Amino acid sequence: MTFKDIFKSSFLENVTAVSILDIVIALVLAFCLGLFIFYIYKKTYSGVLYSSSFGVTLVALTMITTLVILAVTSNVVLSLGMVGALSIVRFRTAIKEPLDIAFLFWAIADGIVLAAGMIPLAVFGSVLIGVVILVFANHKDMSNPYIVVLRTNGHESETKAVEFLKSHVKKCVVKSKTAQKGFVELNLEIRLQDENTDFVNELADVDGVESAVLVSYNGDYMG
């Protein structure tokens, strides 16, 4: 063994495993596609409180995945070690919206495809997925359920209010009822006939009705 052999390092040999040009192109494209995913997420978000940090996470996740896959594809031994390292990672953050899972997998898939060199697949696939999500996520279906929270001062006014409501909606089902001395509160699931919600104003004017509240029903209602 010579003096030079002592300072030889396989680590330095890996410096040129991936060219600088490939790294720049892959990360720039990953950033652009991540921004596109962020834009689609922002346009299609339908939750109560919008979280900009999740959008930033989508951009970062696309770039991080690209970085990891670039390293894995350049070294078989590294790929085996990466599998072992990632297998011990556990994520505890709860996903509140089902569509958020699709965005997370979309960002990861884009990073993998870009790092694999399949640029046309990543670009055209992302555009197609974005169009599909925009069309279906922004589609307003009149069959979507709503909840009407109705407060009346007695049985007679309750009957009048429910009959009025049934005549102005496609479907009306009582989900829960609270009766106390002097007032009755109802939670009713309804299906709208169209986008017009003026019937709620008229419902509030019915004799004996103290308040009428229309709430969008997102499926989390328990009753």
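1. Axes here are lines fitted to C-alpha atoms, for helices over the stretch in contact, and angles run from 0 to 180 degrees between N-to-C directions. With that in mind, and remembering that this is a predicted model, one can turn to helix 3 (residues 20–44) and helix 7 (residues 119–137), which pack at an angle of about 5 degrees with their axes 10 Å apart. Since angles under 35 degrees count as roughly parallel, helix 3 is therefore roughly parallel to helix 7.

2. The contact between these two helices can be followed residue by residue. From helix 3 come I25, L29, L33, F36, I40, K43 and T44, and they meet I119, A122, V123, S126, V127, G130, I133, L134 and A137 of helix 7. Sorted by class, the contact of helix 3 with helix 7 consists of twelve nonpolar, three polar and one charged residues.

3. For orientation, the protein chain as a whole holds nine helices and four strands, and along the sequence their pattern reads α-α-α-α-α-α-α-β-α-β-β-α-β. Of the 223 residues in the protein chain, 27% are buried. Among the contacts in the protein chain with a separation of 6 or more, 72% are between residues 24 or more positions apart.

4. The crossing of helix 4 and helix 6 is right-handed.

5. In this second pair, F54, L58, L61, T62, T65, T66, I69 and L70 are the residues of helix 4 that meet helix 6, where their counterparts are D100, F103, L104, A107, I108, D110, G111, I112, L114 and A115. By class, the contact of helix 4 with helix 6 comprises twelve nonpolar, four polar and two charged residues.

6. S52 also has its place in helix 4. With a relative accessible area of 44%, S52 is partly exposed. Between S52 and F38 the separation is 14 residues in sequence, while their C-alpha atoms are 9.1 Å apart in space.

7. The strands form an open sheet of four, in the order 2-3-1-4 and with antiparallel pairing. At its edges are strand 2 (171–180) and strand 4 (209–216), each of which pairs on one side only. On average, and with direction ignored, neighbouring strands of this sheet are turned by 15 degrees against each other.

8. Within the sheet, strand 2 pairs with strand 3 (residues 183–191) in the antiparallel sense, over nine bridges. The bridge partner of A179 in strand 3 is V184.

9. Helix 8 (residues 155–166) lies across strand 1 (145–152), strand 2, strand 3 and strand 4, and runs at about 10 degrees to strand 3. A residue of helix 8 that deserves a look is E158. Is E158 buried or exposed? Because buried means under 20% relative accessible area, E158 counts as buried at 10% relative accessibility. Leaving aside residues up to four places away in sequence, E158 touches T152, K177, V184 and L186; of these, V184 is also the residue that is the bridge partner of A179.

Notes. Residues numbered from 1 in each chain as written. Predicted model: local features only at pLDDT ≥ 70, side-chain atom pairs only at ≥ 80, totals over all residues. Heavy atoms only, no water. Parallel < 35°, antiparallel > 145°, perpendicular 65-115°, else oblique. Contact = heavy atoms within 4.5 Å. Nonpolar A, V, L, I, M, F, W, Y, C, P; charged D, E, K, R; others polar. Pairing = 2+ DSSP bridges. Left-handed = near helix turned anticlockwise from the far one by under 90°. Buried < 20%, exposed > 50% of the residue type's maximum accessible area, 1.4 Å probe, protein only.
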